[in-house]
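I opened the model to see how the chain is put together. The entries below follow the order in which I looked things up.

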Amino acid sequence: MGRAGSRVVDIIIAMSELRSAQLIDGNALSARIRSGLSERVQALRARGRTVRLDAVLVDSGDSAARVYADNQAKTCAGLGIEYKLHLLPAGAAYDDIAGRVLLLNTEENVHAIMLHLPLPAGVEAYRVQRLIAPEKDVEGVNPANIGNIVYGRSSLAPCTGLAVVKMIESVVADAATGILGIDSPHGPLLRGKRAVVVGASDVVGKPIAVLLMRQDATVISCNKYTPGLAELARSADVLVAAAGVPGLITADMVKPGAIVIDVGVNRVKGVDGKMKTVGDADFYRVKSVASHLSPVPGGVGPVTVAMLLENVVQSAESASR
């Protein structure tokens with residue numbers, strides 16, 4: 001995209017001063033992604049190939065974790081992806097969990113492996129995640145895949161980072177009648193633009209920053225303790241909030257016309273005394289300044305799930321070549 005893409009972002013920023021932010025509908029974007037994935041799965045099945053995701057879950061007695069796994073199974077079934085849950089007993093030791101992952105690495109009909117968290121006390125997630133074969137690591141948590149992201153090599157990237165880039169791409173692509181893509185011959189998505197990422201966790205903030213660098217953005221990575229945070233945030237054409245602090249990003253921290261992607265997922269008590277989920281941005285006030293804003297919930301979350309499935313299909317396609 002190059003200069004053309006940069007002009008599109010300029011136009012988006014200028015137009016935003018005339019109206020409130022347009023919401024980036026994560027559910028709608030996720031549905032479009034899944035539709036494309038369904039076609040790719042059907043193409044593989046027509047060639048006699050299957051697409052399969054194996055998930056490892058240690059039974060902690062947390063019904064929410066099992067509900068998430070069951071919903072994941074239903075989503076996969078809707079796309080024609082085989083899903084197998086490996087449920088280990090509560091208190092499973094490191095050797096039990098690691099052994100299951102290593103066994104799945106060796107099975108040719110297993111194209112994708114993911115590890116449900118949390119793990120039992122005393123079992124460090126990193127020790128298990130680093131054992132997942134890089135080509136089957138659909139969450140992008142193996143250090144080898146993280147390294148490949150930094151070097152710009154083809155690899156499976158962390159799903160939240162991919163979701164953020166996909167949402168930004170959808171904004172720019174929609175503004176340019178859909179002709180622009182992340183890997184299109186038109187060039188990188190954010191060439192000449194400044195992106196500020198607030199939050200630098202290993203699996204969210206840092207990968208997001210690197211993926212934005214790969215789009216030729218000038219990236220500033222900071223956190224809630226960064227001196228002059230408000231001024232830095234206000235300089236961003238694209239502002240990504242991923243600090244895990246509700247309401248951290250206020251309206252005066254947003255450049256008029258900026259694209260704001262809110263990755264935060266925080267549980268807070270509302271004025272009615274009931275718990276609700278909010279992001280890191282002061283939603284209604286930021287909405288009056290930004291050009292585009294992703295809501296919480298209904299923003300990054302659904303797209304992250306879709307990008308996990310994208311990685312699953314990509315793994316199966318690579319294995320079938």
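Which residues does I261 touch, not counting residues up to four places away in sequence? I found I24, V164, M167, I168, L239, V240, A241, S294 and V300, where contact means heavy atoms within 4.5 Å.

**Ground rules.** I am working on a predicted model, in which local features need pLDDT of at least 70, side-chain atom pairs count only at pLDDT 80 or more, and totals for chains, interfaces and linings use all residues. I number residues from 1 along each chain as its sequence is written, and side-chain values use heavy atoms, with hydrogens and water left out.

**Cores.** I261 is among the residues with the most contacts inside the largest nonpolar core, along with L53, I81, L212, V240 and V263. That core has 58 residues. I noted a second, separate core of 21 residues, which includes A236, L239, V254 and A290. A nonpolar core here is a set of buried Ala, Val, Leu, Ile, Met, Phe, Trp, Tyr and Cys residues joined through side-chain atoms within 4.5 Å. I take buried as under 20% relative accessible area, exposed as over 50% and partly exposed as in between, with a 1.4 Å probe and protein chains only.

**Whole chain.** I counted 11 helices and 11 strands in the protein chain. Helices (H or I, at least four residues) and strands (E, at least two) are DSSP runs, numbered from the N terminus. Of the 321 residues, 51% count as buried. Among contacts with a separation of 6 or more, 69% come from residues 24 or more positions apart.

**The six-stranded sheet.** I read the strand order of this open sheet as β1-β11-β8-β7-β5-β6, with parallel pairing. Its edge strands are β1 (22-23) and β6 (218-222), each pairing on one side only. Two strands pair if DSSP finds at least two bridges between them. Strands of a sheet pair through backbone hydrogen bonds, either parallel or antiparallel.

I then checked individual pairs. Strand β8 (residues 259-262) is joined to β11 (residues 292-293) by 2 bridges, and I259 has H292 as its bridge partner in β11. Between β5 and β6 there are 5 bridges, and R194 stands opposite T218 in β6. In β5, 4 of the 5 residues are buried.

Helix α8 (residues 205-213) lies across β5 (194-198), β6 and β7 (238-241), and runs at about 175° to β5. Axes are lines fitted to C-alpha atoms, for helices over the stretch in contact, and angles run from 0 to 180 degrees between N-to-C directions.

Which residue in the loop between α8 and β6 did I stop at? It was D216, whose phi is near 65°, a positive value in a residue other than glycine. D216 counts as partly exposed because its relative accessibility is 33%.

**β2 and β4.** Strand β2 (residues 52-58) runs parallel to β4, and 4 bridges join them. A55 stands opposite M114 in β4. In β4 (residues 112-115), A112 and M114 point one way and I113 and L115 the other, and all are buried. In a regular strand the side chains alternate between the two faces of the sheet.

**Cis peptides.** The bond from L117 to P118 is cis, with omega near 5°, and P118 is in the loop between β4 and α5 (125-129). I also found a cis bond joining V296 and P297, with omega about 0°. P297 lies in the loop between β11 and α11 (300-319).

**Rings.** I got a count of 1 aromatic pair. F283 and Y284 form this edge-to-face pair, 5.0 Å centre to centre with 85° between the planes. Rings of Phe, Tyr and Trp (its six-membered ring) pair if their centres lie within 6.5 Å, and planes under 30 degrees apart count as stacked, over 60 as edge-to-face and the rest as tilted. F283 is partly exposed because its relative accessible area is 23%, whereas Y284 counts as exposed at 70% relative accessibility.

The charged end of R127 sits over the ring of Y94, 3.8 Å from its centre. The rule asks for NZ of Lys or CZ of Arg within 6 Å of the ring centre and within 35 degrees of the ring normal.
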